[in-house]
Amino acid sequence: MPTGPVALHDLRYLDEGDRVVVGRTDCDSYGVFPPDGAALLRELAGGRAPQDAAVWYTDRYGEPVDIDEFLDTLRDLDFLSADGSADGSADGSADGAVAHAAPPRWQKLGAALFSPLAWACYAALVVAAVAVCVADPRLAPTRGNVFFTDYLLIVELTILFGQLPFVVLHELFHLLAGRRLGLHSSMHLGHRLYFLVAETKLDGLVVVPRRQRYLPILAGVVADVLTASALTVVAWLTRHPDGTVPVAGRACLAVAFMTLLGILAQLYFFLRTDVYHLITTVLGCVDLHTTARELLHNRMWRLLGRTDRLADETRWDPRDRAVARWYAPLYAIGYAAMLAVLVFIALPLAWHFLGTAVAAVTDPAVPAARFWDALLFLVASVGQLVLAAALAVRDRRRSRPS
Amino acid sequence: MAQIATETSTSTSTEMKKIVVRKAGAVRLTRLCNNYCYGMCCCAEFLG
């Protein structure tokens with residue numbers, strides 16, 4: 001154990017009454033401490049040597065604390081600087097012993113994007129979109145908008161690639177809403193079950209007061225609403241003098257409809273979409289998904305008599321444990337439903353397309369264009385499934401302890 | 001000082017309070033890039 005003060009990285013604390021969330025926003029390492037543990041950590045961060053901090057703890061709480069194990073925990077969380085002593089801190093100071101992290105880039109852009117003026121512009125855009133839909137109901141979002149041309153190939157490519165910039169915009173809104181709060185957010189490609197997802201890593205939200213988390217969580221849906229609104233207004237602007245909408249305008253309406261469908265897909269909360277994070281924030285949970293998964297696993301292992309495989313339930317947060325009682329069945333049903341859709345609908349349809357393509361190849365009477373349409377669609381769809389599977393394998397490899 | 005602490009820790013480790021620290025959950029905000037079923041159903045209808 002170090003005899004002098006230990007050097008700690010720059011830590012953020014969020015006091016939530018019966019627990020204190022502490023972490024480093026520069027490398028996204030966070031722990032949920034009991035209030036007495038957080039107080040002890042503050043003493044160490046304040047420059048008190050571990051031995052003195054242990055004595056302080058005994059005086060304050062009336063019982064001795066295992067300070068060695070506590071230091072090990074801090075080390076596991078990467079809260080201690082490289083050598084764990086104050087002399088090794090980034091700024092070289094022995095007192096205070098805090099290594100400061102650089103603020104994230106684009107913080108000002110994030111602030112501007114969610115300023116009152118920006119919100120006024122967003123509101124005006126949405127009002128304009130609603131107004132043009134009322135004036136011309138043909139612009140309103142309906143399923144038929146997807147088929148904006150008779151050429152299926154064009155429909156496929158537009159839906160596939162036309163959405164991509166707006167998927168990025170959705171994540172960019174999350175990212176910048178996080179940067180606005182000083183968090184080091186980043187964007188990645190991931191998967192949920194067999195769905196390919198763009199995701200923004202915003203782990204730092206756990207040390208932000210709950211009322212400030214709603215904007216970063218909902219920022220993506222805000223971007224989707226703005227996208228659909230802007231595309232609808234553009235479609236209206238492209239109208240011919242006789243009121244008909246040209247193909248470019250109809251393509252905008254197709255992408256707008258798919259973007260709105262993306263908002264509905266957020267309701268798959270069991271896939272840990274934005275709505276999942278919204279629900280867990282409202283309910284005050286810490287890690288509901290992991291708790292629910294472990295709860296289900298433990299039930300299964302108990303049924304099978306494999307008690308050696310049980311997860312340690314003492315590590316579950318009490319609120320997560322309480323919510324998981326009703327969330328875990330929903331989570332299981334949701335996953336089962338999605339797998340049923342894959343097995344009973346998506347894969348048979350893919351098989352149907354394959355059959356269509358093979359029939360087109362073997363039947364000289366079928367136009368070649370029709371064959372290529374079906375084949376390209378199949379390649380695009382299966383390609384996404386394969387990519388999702390590859391990402392799942394990658395994530396599994398990364399999560400394995402080295 | 002360090003020696004005393006080590007001895008104390010060893011001899012009374014079972015009586016010492018262990019501070020349980022839980023890992024906070026990851027926050028990954030997402031957007032599904034696709035909706036396989038919807039796309040396939042539409043195209044199945046379109047192809048007939």
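**A walk through chains A and B**

Start with residues 109-131 of chain A. This span is 91% helix and 0% strand. Its end C-alpha atoms lie 30 Å apart. The model here is predicted. UniProt, in an unreviewed entry, places the feature "transmembrane region" on this stretch. The same record gives the feature to residues 151-177, 214-236, 248-271, 330-354 and 374-393 of chain A. Take residues 214-236 as another example. Here the chain is 100% helix and 0% strand. The end C-alpha atoms are 33 Å apart.

Now step back to chain A as a whole. It holds 13 helices and seven strands. Its C-alpha trace spans about 85 × 60 × 35 Å along the principal axes. Chain A has 402 residues, and 39% of them count as buried. Look next at contacts between residues at least 6 apart in sequence. In chain A, 66% of these join residues at least 24 apart.

Next comes a pair of helices. Two packed helices are described by the angle between their axes and the distance between the axes. In chain A, helix α7 covers residues 164-180, and helix α8 covers residues 210-237. Their axes come within 8 Å and cross at roughly 145°. The crossing of α7(A) past α8(A) is right-handed. Which residues of α7(A) meet α8(A)? They are Phe166(A), Leu169(A), His170(A), Glu171(A), Phe173(A), His174(A), Ala177(A) and Gly178(A). On the α8(A) side are Leu215(A), Pro216(A), Ala219(A), Gly220(A), Val222(A), Ala223(A), Asp224(A) and Thr227(A). Sorted by type, the residues of this contact are nine nonpolar, five polar and two charged.

Gly305(A) follows α11(A), and its phi is positive, near 75°.

Zoom in on one residue, Ala129(A). It is found in helix α5 of chain A, residues 116-135. Why does Ala129(A) count as buried? The cut-off is 20 or more other C-beta atoms within 10 Å. Ala129(A) has 25 C-beta neighbours inside 10 Å, so it counts as buried. Which residues does Ala129(A) contact, leaving aside its neighbours within four places in sequence? They are Ser229(A), Thr232(A) and Val233(A). Asp395(A) sits 266 residues from Ala129(A) along the chain. The C-alpha atoms of these two residues are separated by 40 Å.

Finish with chain B. It has 48 residues, of which 33% count as buried. Chain B contains two helices and two strands. From the N terminus on, its elements run α-β-β-α.

Definitions and conventions. Residues numbered from 1 in each chain as written. Chains lettered and ligands numbered in written order. Predicted model: local features only at pLDDT ≥ 70, side-chain atom pairs only at ≥ 80, totals over all residues. Helix = DSSP H or I, 4+ residues; strand = E, 2+ residues; numbered from the N terminus. Buried ≥ 20, exposed ≤ 12 C-beta atoms within 10 Å, placed from the backbone. Contact = placed C-beta atoms within 7 Å. UniProt positions renumbered as here; feature names shortened; annotations may be inferred. Axes fitted to C-alpha atoms, helices over the stretch in contact; angles between N-to-C directions. Left-handed = near helix turned anticlockwise from the far one by under 90°. Nonpolar A, V, L, I, M, F, W, Y, C, P; charged D, E, K, R; others polar.
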